[in-house]
Each structure stands twice: as C-alpha cells, then as structure tokens.
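This report describes the fold of one protein chain, element by element. Please look at the sequence and the model first.

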Amino acid sequence: MAIGSWLIRVLGALPETMTILRQSFCTNREIPHFFCDLTEVLKLTCSDKLINNIVVYSVAIILGVFPLTGILFSYSQKFSSILRISSDRGKYKAFSTCGSHLLVVSLFYGTGLAVNLSSVATLPSRISVIASVMYTMVTPMLNPFIYSLRNRDIKVALGRVLSKMVPLRESVDARLS
C-alpha cells in the first residue's frame with residue numbers, strides 16, 4: 001500500500017514538473033517561503049501560467065478532492081454506526097476519537113488544497129507560509145498528540161502544566177497593567 005501511495009504521488013508530481021520546466025523565470029527573484037512550494041515557484045514565472053494552473057488544479061482534484069471525498073464518506077458511515085450504539089458513554093468515546101481524527105484530516109486537506117488551489121488568487125506570502133506549515137508540520141504532529149491524550153497519566157501531566165501556566169499568565173498581565 002505504501003509503494004502504491006508513493007507511486008501515485010510521483011505520477012501526480014510528474015505533470016506539474018514537466019509543465020514548470022517549460023516556463024521562463026524572471027531574474028533576481030526570491031521565493032519568500034521556507035520551501036519551494038509549486039504555487040510559490042509559479043508566482044515567479046514570466047511566461048503564461050494558464051497550462052500550469054490547469055495542471056495544478058487537475059492534480060489537486062485527483063490527489064486531493066477525490067481522496068477527501070472518500071474519507072468524508074467513510075466518516076459518514078462511521079458516524080451512522082456510532083449513532084446505533086446504545087450506551088451514551090460508548091457514543092461519547094467513539095465520537096471523541098472520530099471527531100479528533102476528522103479535525104486533523106480536515107486541517108490537512110483544507111490547508112493543502114487552499115495552498116495548491118490558490119495559484120490564481122495570489123495569497124499574501126505570509127498566509128501561504130502559515131498554511132504550508134499547517135499541512136507539512138502541524139498535522140503530522142497532531143495525531144500522536146491526540147493518541148497520547150487518551151492516556152490518563154498524560155492528561156494529568158498536561159493539566160499540571162496548564163495550571164502552572166495560568167498563574168504565570170495572570171502575573172504577567174498584572175505587571176503589564
């Protein structure tokens with residue numbers, strides 16, 4: 001499955017790479033980004049971007065919208081199964097787990113698609129960087145965090161840390177006033 005997923009992504013990147021290689025670029029330009037995201041590279045081209053935009057949108061739909069639709073469909077099936085659980089405690093546990101995962105999936109796909117589909121509507125670079133950080137760094141770190149919050153010891157330790165931060169924040173606010 002991993003090789004198939006990797007192969008699909010490589011084959012998806014191939015049309016984007018081939019169309020970007022045809023472009024001519026303006027000189028003395030700098031990408032205000034922390035990595036060469038395709039949409040940021042497209043902003044630097046001096047030639048017509050129509051074909052590149054069509055390719056980017058097509059690949060984003062094939063590799064983004066279609067899987068997201070399948071994921072949302074599977075979650076709708078899970079939610080309908082959860083609603084058939086008789087105990088309220090069971091429903092709560094199942095909804096909390098599925099809800100947190102659905103939040104991470106929505107965050108990943110939402111920011112990823114926003115960055116990839118924003119090549120025509122040029123977003124400010126700062127917003128694009130924040131969205132890129134969300135889908136490249138934040139969402140992969142959230143899943144282990146969500147699983148660790150299922151552990152009672154982790155919840156207690158997090159509660160201690162947060163309770164120590166609240167008095168610290170109040171003392172800082174008092175000093176600033």
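This is a predicted model: local features need pLDDT of at least 70, side-chain atom pairs count only at pLDDT 80 or more; totals for chains, interfaces and linings use all residues.

Residues are numbered from 1 along each chain as its sequence is written, and side-chain values use heavy atoms, with hydrogens and water left out.

The chain has six helices and zero strands. Here helices (H or I, at least four residues) and strands (E, at least two) are DSSP runs, numbered from the N terminus. Along the sequence the pattern reads α-α-α-α-α-α. Of the 177 residues, 24% count as buried, where buried means under 20% relative accessible area with a 1.4 Å probe and protein chains only. Contact means heavy atoms within 4.5 Å. Among contacts between residues at least 6 apart in sequence, 60% join residues at least 24 apart.

UniProt, in an unreviewed entry, places the feature "transmembrane region" at residues 54–73, 94–115 and 127–147. Its positions are given in the numbering used here, feature names are shortened, and annotations may be inferred rather than shown by experiment.

How do the helices pack? The axes of H1 (residues 2–21) and H3 (residues 50–83) come within 9 Å and cross at roughly 170 degrees. Therefore H1 is roughly antiparallel to H3. Axes are lines fitted to C-alpha atoms, for helices over the stretch in contact, and angles run from 0 to 180 degrees between N-to-C directions; angles over 145 degrees count as roughly antiparallel. On the H1 side, the residues in contact include Gly12 and Pro15, and on the H3 side they include Val55 and Leu63. The residues of this contact divide into eight nonpolar, three polar and two charged. Ala, Val, Leu, Ile, Met, Phe, Trp, Tyr, Cys and Pro count as nonpolar, Asp, Glu, Lys and Arg as charged, and the others, Gly among them, as polar.

The axes of H4 (residues 88–116) and H5 (residues 125–148) come within 9 Å and cross at roughly 165 degrees. H4 is therefore roughly antiparallel to H5. Among the residues making the contact are His101 and Phe108 of H4, and Tyr135 and Asn143 of H5. The contact of H4 with H5 has ten nonpolar, eight polar and no charged residues.

Conventions. Angles under 35 degrees count as roughly parallel, over 145 as roughly antiparallel, 65 to 115 as roughly perpendicular and the rest as oblique. Buried means under 20% relative accessible area, exposed over 50%, partly exposed in between (1.4 Å probe, protein chains only).
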